[in-house]
Amino acid sequence: MSNVLFLNVPAHGHVNPTLGLVDELVKQGENVTYFCTDEFKDKIEKTGATFMSYGEENDLFKMDHNNHKKNNINDYIAFMIKTLNLSEVVIQGILDKIKDKKFDYLIHSANFPYGNMIAQILKLPSVSSFAVFATPKEIISLNSLSISKEQILNNQVIDIYKKIGSKLENKYRIKMPEIIDMFYSKGNINIAYTSNYFVSHPEYYDNSFIFIGPPIYDREENLDFPFEKLQGKKVMYISLGTVFNNTNSDFYDIFFKSFGNNGMVVVMAAYNVDLSSFDIPDNFIVRNYVPQSEILKYTDVAITHAGMNSTNDLLYNNIPFVAIPIGADQPYMAGRAEDLGAAISLDKDKLTEEILKSSVEKVLSNPSYLENIKKISDSFKQTGGYKKAVEEIFKMKQEMDISI
């Protein structure tokens, strides 16, 4: 049995993919201590891990930590500056909380900015979880972010990085990662929740990457949902996720007008979205939260924001879909699915009822979409999943003579 330290970003899109990994590690006898915010305590503890909180006093995690929501240089730089300014406080806070514990290796989100540094301080090998996407180069190359590497390197943030980095290097006897690598941090092993077939540029991925397919994990969900209304019906599922779903209320107006009383049952997840001003059609079932994995068992077609987890779920379950990417890695995910002939990706700024309805009809009626989805789904199922990830972690342990 080894003791594992897990550091993650407090966001659903980062935590959810790791739950199956932690569950499998625990089943294999590993003792996992998982840091996150209190919001995720219950679901983390259900995996068998020991939960530890970053602390409500921690300013870094009081702010919007979904840094991918920041799609212009000013917002992104502001986030980077705050992250740098809080480096010593956050790192020391974690070290203080684990001062009486000994760990054998570290797992961290690729987007957790201090993962590399803490691994060095504790002299631990590390595993990085790429829950959003694998490389910034891939995203930038497809213009999914309106931020370039040059914009960051030529900004005042570099002076702040050098000053704070020097202090951290002297205090902890570490070597600072490059500034961009703080937010897309690799480890000895890097877990990517996709397949080699799905990625657009395999040459960006070195041998340290393990493709394990989508994070399919039979986690306990709140099943308080009228599933009887879906039985024997044609079902559409609509979800814009939990980060950008409040961006534009016009989307919901288009959904209601496009698919109101059309003979389908439309299940719509509207996480913390105020829809009180809308006249919701009778055939819509709208919930703040829906048990997505169960809903997909009934779903014939979907409309998605094309977040990585949602896109993978739809592809894995062979469900035709139309994507409306809004930000972050979503344009990349939607574009890649479209390139492989598995989906239609729509421009959010040009969305109309007519375009949306015709696109849904096309993915439903043209069998090529389902055929191409099945190719991707098959590639996912051949990866080995969480068991493959744990096998590779145990190989690392053996090679580095870590206690078994």
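Figure 1. The side chains of Glu392 and Lys388 meet in a salt bridge, with N and O 3.1 Å apart. The model shown here and in the other views is predicted. Both Glu392 and Lys388 belong to helix α16, where they sit four residues apart, about one turn of the helix. Glu392 counts as buried because its relative accessibility is 17%, and the limit for buried is under 20%. Lys388 has a relative accessible area of 28% and is partly exposed. In general, side chains of opposite charge can pair when their charged atoms come close.

Figure 2. Glu24 and Lys387 form a salt bridge in which the closest N and O atoms are 3.4 Å apart. This pair links distant parts of the chain, since Glu24 is in helix α1 (residues 12–27) and Lys387 is in helix α16 (residues 385–399), 363 residues apart. Glu24 is buried, with a relative accessible area of 9%. Lys387, in contrast, is exposed, with a relative accessible area of 53%. In the whole structure, 14 salt bridges are found.

**Figure 3. A network of salt bridges around Glu88.** Glu88, Lys167 and Lys171 are linked in a network of salt bridges. Within it, the side chains of Glu88 and Lys167 come to 3.1 Å, N to O. Glu88 counts as partly exposed, at 23% relative accessibility.

**Figure 4. The open sheet of seven strands.** The strands follow the order β3-β2-β1-β4-β5-β6-β7, and their pairing is parallel. At the edges are β3 (50–53) and β7 (209–211), each of which pairs on one side only. From one strand to the next, the twist averages 20°. Strands β1 (residues 3–7) and β2 (residues 31–36) run parallel and are joined by five bridges. Leu5 has Thr33 in β2 as its bridge partner. Helix α1 packs on this sheet and touches β1, β2, β4, β5 (126–130) and β6 (189–192); the direction of α1 makes about 165° with that of β2. Helix α5 also packs on the sheet, touching β1, β4 and β5, and its direction makes about 170° with that of β4.

Figure 5. Asn111 is found in the loop between β4 (105–109) and α5 (115–122). With 5% relative accessibility, Asn111 counts as buried. The side chain of Asn111 reaches the backbone oxygen of Phe183 at 2.8 Å.

**Figure 6. The open sheet of six strands.** Here the order is β10-β9-β8-β11-β12-β13, with parallel pairing. The edge strands, β10 (284–287) and β13 (343–345), each pair on one side only. Neighbouring strands in this sheet are turned against each other by 15° on average, direction ignored. Three bridges join β11 (residues 301–304) to β12 (residues 321–323), and these two strands run parallel. Across this pairing, Ala302 stands opposite Phe321 in β12. Helix α13 (residues 330–339) packs on the sheet and touches β12 and β13, and the direction of α13 makes about 135° with that of β13.

Notes: Residues are numbered from 1 along each chain as its sequence is written. This is a predicted model: local features need pLDDT of at least 70, side-chain atom pairs count only at pLDDT 80 or more; totals for chains, interfaces and linings use all residues. Side-chain values use heavy atoms; hydrogens and water are left out. Buried means under 20% relative accessible area, exposed over 50%, partly exposed in between (1.4 Å probe, protein chains only). A polar contact is a pair of N or O atoms within 3.5 Å; within protein, one must be able to donate a hydrogen and the other to accept it, and residues adjacent in sequence count only if both atoms are side-chain atoms. Two strands pair if DSSP finds at least two bridges between them. Axes are lines fitted to C-alpha atoms, for helices over the stretch in contact, and angles run from 0 to 180 degrees between N-to-C directions. Contact means heavy atoms within 4.5 Å. A salt bridge is a side-chain nitrogen of Lys or Arg within 4 Å of a carboxyl oxygen of Asp or Glu.
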